[in-house]
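Please read them with the structure open beside you.

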Amino acid sequence: MLDGLKNKLRSAFGLKAKPPANNEVPAEIVNNKHVQKAVLKKARRRSIKKLALVFAASAALSTGLQYAPDLVSTKFDDFMAQKNHGGDYTQHFHAADIRVYDRFNPLYPFHLAGQTTKLTWQEGMAEGGFAAVPLTIVTPFLYGSALWKGFTDMLPGNKLDAYSISNDEDLKQREVFIRPPGDFSLTRFMGDFSGVNGQKLEFQSDRDELRDILFKFVMLHEARHGDQIKGAYAPANEADADLYAFKVMKARGTDEKLLNEAATIVAHARAINGAVGGDYGHASTFTFQRGGQRIFDAHQDAAAFDRLHTLLADIDSKNHKAFPDTMPRGNRYFYLTLAMHKQGLLEEDPGLKKAADAFIRSLVYFDKASNGKIIDASYDLSKIDLGYLTEKYKPVPDKLTPAKPDLTPTRAPAAPRPNS
């Protein structure tokens, strides 16, 4: 460490005098606190300059890629044709330009960061020029966060993480960029969407055909997001995207039996993921049944699955001794829900009961598809303790200092003054 500091001192002061015979900086210079601060300050400035240059080069690359989207993405219809799903799909969407990212293109993180920053500025400036100042302050952090997300998206083993980004521009000018799913299989889809082991499942339709339908579902779902209004009623948007994807496939003449089975799989997977995974924002199960919804309906659905998930997590922590350590959370939550149903606790909350019933039906559906390999019908529900739920909450004893009585004597009221 001392040798490094000596070298920095030589560089900082540009010593032209003949150095000592042993080529060392005199100790009085090395140990001088003012000299040490000057060296560290100069080194810090150099580091900041290097970081600034890297940031500027990255921002310049991100900006340039906004004008050359073909370097990082493919038009939606071309992408679907490459996946052997040819056809003019963009005719079913309003956005002017729908593109699909090249998932592992090294330029992808830079375009994503630039696109995210650009959309944020467009939306901010649409609200008025006064937004420029806060946007200027937040932009470096926004850009850095998006860039980091882009790089982490490319890490090996990343889950099925399809998403789309767009803004609320007029649809005739709107750009949509979709990050597609990675290695897509029926097993991977089931695992990511519901936590159910898809290898155990036997469906009525061919697995390869179901895989193709579900891949189209994911892509059409994301394309639909590009047409929607952003920033509001997210549960309704998600449910609409699910429903519209199947409407498009139906309108294009997809086999009805195959389509119905795929829609059933998605509806049940959404219910399980809402109850077990806590993903209440994608609670589209009841939307499939209704064929549509009010925004209020979508919020009610989401709230019901949120309550169910939160309640099950609480009961699960209370009953950790009732299950083997190796039992998956989905199975534990299923037995807990059955226990609540059996004891009539769900009757007190119709919305909660509706979500719980959907969760039970969904796991039973996949259990049948696995030939009974998921649910243990012999599990003893009496092991589960739900009694504490109906007990009055007993708070920790109060720890308050009693207020001291005010012993200050009060003055007698003054005698009334005679009227003049």
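1. The second largest pocket holds about 300 Å³ of space, where a pocket is an open set of points on a 1 Å grid over the protein atoms alone at which a 1.4 Å probe fits, with protein on both sides within 12 Å along at least five of seven lines, and a volume is the space filled by probe spheres set on the points, which are joined across faces, edges and corners. Its lining, meaning residues with an atom within 4 Å of a point, has 17 residues, of which Gly195, Val196, Pro328, Gly330 and Asn331 lie nearest the centre.

2. This is a predicted model, in which local features need pLDDT of at least 70 and side-chain atom pairs count only at pLDDT 80 or more, whereas totals for chains, interfaces and linings use all residues. Residues are numbered from 1 along each chain as its sequence is written, and side-chain values use heavy atoms, with hydrogens and water left out.

3. To the lining of the second largest pocket, α10, α13 (329-342) and α14 (350-369) each supply at least two residues, and the largest share, four residues, comes from α10. By type, this lining divides into seven nonpolar, seven polar and three charged residues, with Ala, Val, Leu, Ile, Met, Phe, Trp, Tyr, Cys and Pro taken as nonpolar, Asp, Glu, Lys and Arg as charged, and the others, Gly among them, as polar.

4. The largest pocket has a volume of about 370 Å³ and is lined by 17 residues, with Leu160, Asp192, Phe193, Arg270 and Asp279 nearest its centre. Here α7 (186-194), α8 (207-225) and α10 (256-277) each contribute at least two residues, the largest share being the five from α8. This lining comprises five nonpolar, five polar and seven charged residues.

5. The chain contains 14 helices and four strands, which are DSSP runs (H or I, at least four residues, for helices; E, at least two, for strands) numbered from the N terminus. Of its 420 residues, 42% count as buried, that is, under 20% relative accessible area with a 1.4 Å probe and protein chains only, against over 50% for exposed and partly exposed in between.

6. Two asparagines deserve a look at the backbone. Asparagine 84, in the loop between α4 (76-82) and β2 (97-101), has a positive phi near 65 degrees and is exposed, with a relative accessible area of 71%. Asparagine 371, in the segment after α14, has a positive phi of about 60 degrees and is exposed at 54% relative accessible area. Most residues other than glycine have a negative phi.
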